[in-house]
Amino acid sequence: MISNVKLVLIVGLTSFAMTAQANWWSKAKEAASELIQPQDSSQAASQLTGFSNEELAQAFRQALNIGSEKVVAQLGTAGGYTHDSLVRIPLPDQMKRVDSVLSRVGMGRYTEELELKLNEAAELAAPQAKALFVNAISLMTFEDVQALYHGPNDSATRFLREKTSDDLQQQMRPIIEQTLNEVGAVRAYDQAMAQYKKSPFVPDIKADLIGHTTEKGMEGLFYYLGQKEAEIRENPLEQTTDLLKKVFGR
């Protein structure tokens, strides 16, 4: 009988000891984890980079806002697209045949006039793209930009283009349509096509002037926005705010 009591006591004490040890080990691991890992991801980012998550997000927003303002000012003036060989809007592919036919008979001025009008329309529409950019930029979250910090120098522009191009083009189409009419692009197109159709045996051709000008106009805006972002990230002289200096300064 005594041996049975001793056995029960031994088993009980052993179980208690094992439970206590398990609890101690669990608490020890929790304590060690707290020492090794910061409790807050923002605190971790701050310790590693010297600035917080929110500062990083705001810096990217500042860079893109400043960049878009400069790009719109550059392209949204007379000759902004027309005199810039890097972003000048060419004739739509469908119109190249028309240009070829008219040029052979000495009437290339009609398609030259049309190309000029497409670029003038994009120049008039560019300033109105600024508000669209600003709105898209304001919606960027830290989750959007955290991977961009260590990416290519135009990574934020690439991201913005990927996420907003479709919406921006939809919003820009009516603006482009209006400006195409204002500068006489539609009239120039009609005149070019009227002369083209006078040539015998030419196929019927239709071109989407609105879609073409919108797409190429946006390409020009994003092209220079990427360059401006890279300049802000690389060149201390372009880091015009304390936050830009703090985040992108070397």
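Leaving out residues up to four places away in sequence, L160 touches L64, F133, A136, I137, M140, S165, F222 and L225, where contact means heavy atoms within 4.5 Å. L160 is placed in helix α7; helices here are DSSP runs of H or I with at least four residues, strands are runs of E with at least two, and both are numbered from the N terminus. With a relative accessible area of 1%, L160 is buried, a term that covers values under 20%, while exposed means over 50% and partly exposed the range in between (1.4 Å probe, protein chains only).

The model is a predicted one, in which local features need pLDDT of at least 70 and side-chain atom pairs count only at pLDDT 80 or more, whereas totals for chains, interfaces and linings use all residues. Residues are numbered from 1 along each chain as its sequence is written, and side-chain values use heavy atoms, with hydrogens and water left out.

The predictor's confidence in each residue, pLDDT, runs from 0 to 100; the chain averages 81, and 80% of the residues score at least 70. Over residues 5–48 pLDDT stays under 50, and for this stretch the model has 12 contacts beyond four places in sequence.

| Helix | Residues | Mean pLDDT |
|---|---|---|
| α1 (lowest) | 2–36 | 44 |
| α9 (highest) | 209–234 | 94 |

In the largest nonpolar core, which has 63 residues, F133, L160 and L221 touch the most other members; such a core is a set of buried Ala, Val, Leu, Ile, Met, Phe, Trp, Tyr and Cys residues joined through side-chain atoms within 4.5 Å. Helices that each supply at least two residues of this core include α3 (53–75), α5, α7 (155–183) and α9, and α5 gives the most, with 12 residues.

Helices α3 and α5 pack at an angle of about 175°, with their axes 8 Å apart; axes are lines fitted to C-alpha atoms, for helices over the stretch in contact, and angles run from 0 to 180 degrees between N-to-C directions. The two helices are therefore roughly antiparallel, a label for angles over 145 degrees, with under 35 roughly parallel, 65 to 115 roughly perpendicular and the rest oblique. Among the residues that meet there are L64 in α3 and F133 and I137 in α5.

Helix α9 is mostly covered, as 19 of its 26 residues are buried.
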